[in-house]
Amino acid sequence: MSLRSAVITFPGSNCDRDMAVALEAVSGTPAIRVWHGDATLPERLDFIALPGGFSYGDYLRCGAIASRSPVMRAVIEAAGRGVPVLGVCNGFQVLTESGLLPGALMRNAGITFVCRNARLVVENDSALFTSAYAKGQHLSIPVAHHDGNYFADDATLDRLEGDGRIAFRYAETINGSVRDIAGILNEKGNVLGMMPHPERAIDPAHGGTDGRALFESALNTLASA
Amino acid sequence: MAEITADVVAAHGLSQEEYERVLHALGREPNLVELGIFSVMWSEHCSYKSSRLHLKKLPTDAPWVIQGPGENAGVIDIGDGQAAIFKMESHNHPSYIEPYQGAATGVGGILRDVFTMGARPVANMNALRFGRPDHPKMKHLVQGVVAGIGGYGNCVGVPTVGGETNFHPAYDGNILVNAMTVGVADTDKIFYCAATGLGNPIVYVGSKTGRDGIHGATMASADFSDDTEEKRPTVQVGDPFTEKLLIEACLELMATDAIVAIQDMGAAGLTSSSVEMASKGGAGIRLDMNQVPCREEGMTPYEMMLSESQERMLMVLKPGKEPMAEAIFRKWELDFAVIGEVTDTGHMVLEWNGEVVCDIPLGPLADDAPEYDRPYVTPEEYKVWANVAPLGDVPECTDVGADLLKLMASPDLASRRWIWEQYDSQVGADTLQTGGDAAVVRVHGTKKALAISTDCTPRYCYADPYEGGKQAVAETYRNLSAVGARPLAITNCLNFANPQRPEIMAQIVGCLNGMGDACRALDYPIVSGNVSLYNESKATGGGSAILPTPAIGGVGLIDDYAKMATIGGMRDGDTIWLIGGHGSQLGQSIWLRTIHGREDGNPPSVDLDVERAHGDFVRALVASDKVSAVHDISDGGLLVTLAEMALAGGIGCRLSIDLNAAQAFGEDQGRYLITASADQFIENALQIGTVGGNTIVGVPLADLREASDSFFRDWMET
């Protein structure tokens, strides 16, 4: 199938091109680039990506201003209809700030920015974004963030665990995230937020291709729907 | 307006002789605005008055050079209608005063130099020199500089892919922060700064002008005194978010045909940008200062002209293109204002509230600019002054393994992971290699890649400026060759102390002569650069000069990145080969300094013909897929090189020979270590061992890794 995907660009997004390149590399179809000021999304979208970067310079709180962009009302509405929404890094922060995902992303426990290949463990292999992985599989996917320290209260965390909504955990100490959480899903499983950058692990030239299966999972699920 | 007294002239950093030149250029007394403009344009930072005479001798041409020095950045042809655009620049003085903002705005400034010319920045590099780690200020400076470089580069989304960091007491009171940006453009979409077209609108875009950084260029041209802390308000504050918007807006406008000329407002802000644009175009310029977007109320033309507020650009547009251009900048939420026009008067005229507040003839501003042939001592006199003598007796090494461990834990050789993990090195998803000899970044959407390396060995430059200058160029050449790249051109950032001291001037002249000879011998021209003088400080007691530090940034091209070499690609059973013969020189080596506390002797000499031949040889090996790993031999010598390869590859090696001190740790130039599968025979090389096991000269890799990681970890976590 051809994937009708959209990549949203906020002022300060800087992984929007990388996300579009990854989507095209995996699906064969160019992604549609959408400006944050647009009040509506293109019709019949199969996939929406909120890319990494520093929307609005991370001023106020990471993702806070972007989450109030006109386009986010349309994204929230599309997510409600079940359209898959992926938020990576700053995109994850936008998702928590907009209420599509629970919890918050705080300054890294080590205070400094951290960029490295992170070892991850797949926790859920049945979601729309993770079905091409195996539960317990170890992945190597780059992280690059200053505010990736995930936090939620215990009741929320227990609910996430109970519902299988923790998609990925870190297999090493990265940023102090509670219960080593690297990525979480919404209740319906069609919204994934994660700090690691799967779009930076697509091409053998990246040094690894462990991010590819995330996009392939979505593609397969959509093709069989 | 204030009266121009001798005190006012002195406060602007102009000598009495230079003020006479101002009077000559103007044919009358200047007013304060005019004096301010002359003072920044004739500052060392903007005018190169002490170095220009010697810079002219450097080779700047090659068939692949599209633009050499004189524009915002150098431009080289990388084939297929594409160009690499790059430059390196210093931000030393601001970074010592306020390390985070100093370093951050250094990155911002060099980025603007590159995207001003139409390039999308694809890689940032840096070259950092700090004082001794136990200096009370040094940890704070290192933390601030690294956070500042990361804070800016990470936010704008340009990967910081490599650099070098040294420590030496000579930088205790004057650290060096040199930042380099490399960008890629189409050769038919390169933008220059010459303002042309009578009546064409001059447009200001980007951030508003504030009172920050007023007289930054003048500050950067004076040595530090005891009032360093008081200079904090002259350091600019960076806003990488605005820079990111500015990059996107400029590149969007550049895709149209609206721009005649464009120039960033860097050091000396609106003054140097407008003067340079008008001078290059052989035109005049008229600006209405009431139209300049200001951050604060009540700013005077003097303040507006000398402000170094960041993230601002000046453009000349084709007539009638203003509405289209304005729409782009408004979309990116940036200021856009038509503030003047190109004239044919040859004068820079500034108007404010309907009055002319400045009228400077641009010809004399350039022609009457001071240029000094400052006296310098002979190489022989210099050696006496620098107290350099041939190396006498050197103790033999009794335990190479123990010495290797100490070297790996020493500040100059320890792992820089603590630094580079704070930089987003992957954004753009085109980074192919970091942490090796050269950083390698793919040219987006092609199979080509650019290799980049920044190098300089200041202790060599101090002991022998000429050989040190050669060595800095040669080391970048070697690092680029080691990854399989064809070295094409360099940029430089020439950091020296006070040129009015004949011994310092001898360092400048010696280093430049060495660099020039190396560039000529290696067909490796200089296409851009920056000079930073007066790097000495009285703040830490004594008029301590930095070591001469002509940092070089080399750029090379890999035609097919599938054929790139790394330092860690070796496999169990591969053979290890030494190209360039065994080491014999220990003068100025890290071993001598770390193990025996001696900084003496002559540095290793550089044979440029050998350098070139060995570079060609290694590149050919890489291109023919004959090698599994390559690493050049530099700081620390052969054993440190081998240890770095082993740590990168996660496998040890068995040497088939015993090494004496000079063989193990000598820093003789023009050498490489390579590994190849056992069935390969490498001509003109010495086989010295095989890959395998988990030790090197009896030292477990785990111990080497611990030693290598310990320095920054222990320093930063205490």
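Is Tyr382(B) buried or exposed? Tyr382(B) is buried, since its relative accessible area is 2%; buried stands for under 20%, exposed for over 50% and partly exposed for what lies in between, with a 1.4 Å probe and protein chains only. The model is predicted, and local features need pLDDT of at least 70, side-chain atom pairs count only at pLDDT 80 or more, while totals for chains, interfaces and linings use all residues. Residues are numbered from 1 along each chain as its sequence is written, chains are lettered from A and ligands numbered from 1 in the order in which they are written, and side-chain values use heavy atoms, with hydrogens and water left out.

Tyr382(B) has an aromatic partner. The rings of Tyr382(B) and Trp385(B) have centres 5.5 Å apart and planes at 45°, so this pair is tilted. Rings of Phe, Tyr and Trp (its six-membered ring) pair if their centres lie within 6.5 Å; planes under 30 degrees apart count as stacked, over 60 as edge-to-face and the rest as tilted. Both residues belong to helix H15 (residues 379-386) of chain B, and because they are three residues apart there, about one helical turn separates them. Helices (H or I, at least four residues) and strands (E, at least two) are DSSP runs, numbered from the N terminus. Trp385(B) is partly exposed, at 35% relative accessibility.

Over all chains, the whole structure holds 23 aromatic pairs. In another pair, the ring centres of Phe711(B) and Phe712(B) are 5.0 Å apart and the planes stand at 70°, so the arrangement is edge-to-face. Phe711(B) and Phe712(B) are both buried. Ring pairs also join them with Phe130(B), Phe167(B), Trp418(B) and Trp715(B) in a cluster.

The next topic is helix packing in chain B. Helix H25 (residues 701-717) packs against helix H23 (residues 637-649) at an angle of about 100°, and the axes are 10 Å apart. Axes are lines fitted to C-alpha atoms, for helices over the stretch in contact, and angles run from 0 to 180 degrees between N-to-C directions. H23(B) and H25(B) are therefore roughly perpendicular; angles of 65 to 115 degrees get that label, those under 35 count as roughly parallel, those over 145 as roughly antiparallel and the rest as oblique. H23(B) contributes Ala643(B), Ala646(B) and Leu647(B) to the contact, and H25(B) contributes Leu701(B), Leu704(B), Arg705(B) and Ser708(B). Contact means heavy atoms within 4.5 Å.

Helix H3 (residues 32-41) of chain B is largely enclosed by the rest of the structure, because 10 of its 10 residues are buried. Among them are Leu32(B), Glu34(B), Phe38(B) and Met41(B). At the start of H3(B), a side-chain oxygen of Asn31(B) comes to within 3.1 Å of the backbone nitrogen of Val33(B).

Most residues other than glycine have a negative phi. Asn353(B), not a glycine, has a positive phi of about 50°. Asn353(B) sits in the loop between strand E12 (347-352) and strand E13 (355-361) of chain B and is exposed, with a relative accessible area of 54%. Ala429(B) also has a positive phi, near 55°. The loop that holds Ala429(B) runs between helix H17 (417-420) and strand E14 (431-433) of chain B, and Ala429(B) is buried at 9% relative accessibility.

Glu199(A) is in the loop between strand E11 (191-194) and helix H5 (212-224) of chain A and is buried, with a relative accessible area of 1%. Cys15(A) is 184 residues away along the chain, but its C-alpha atom is 8.6 Å from that of Glu199(A). The side chains of Glu199(A) and His197(A) make a polar contact at 2.7 Å, that is, a pair of N or O atoms within 3.5 Å; within protein, one must be able to donate a hydrogen and the other to accept it, and residues adjacent in sequence count only if both atoms are side-chain atoms.

His197(A) is also one of the residues in contact with Ile141(A). Ile141(A) is part of strand E7 (residues 138-145) of chain A and is buried, with a relative accessible area of 0%.

Note on methods:
Lists of a residue's contacts leave out its neighbours within four places in sequence.
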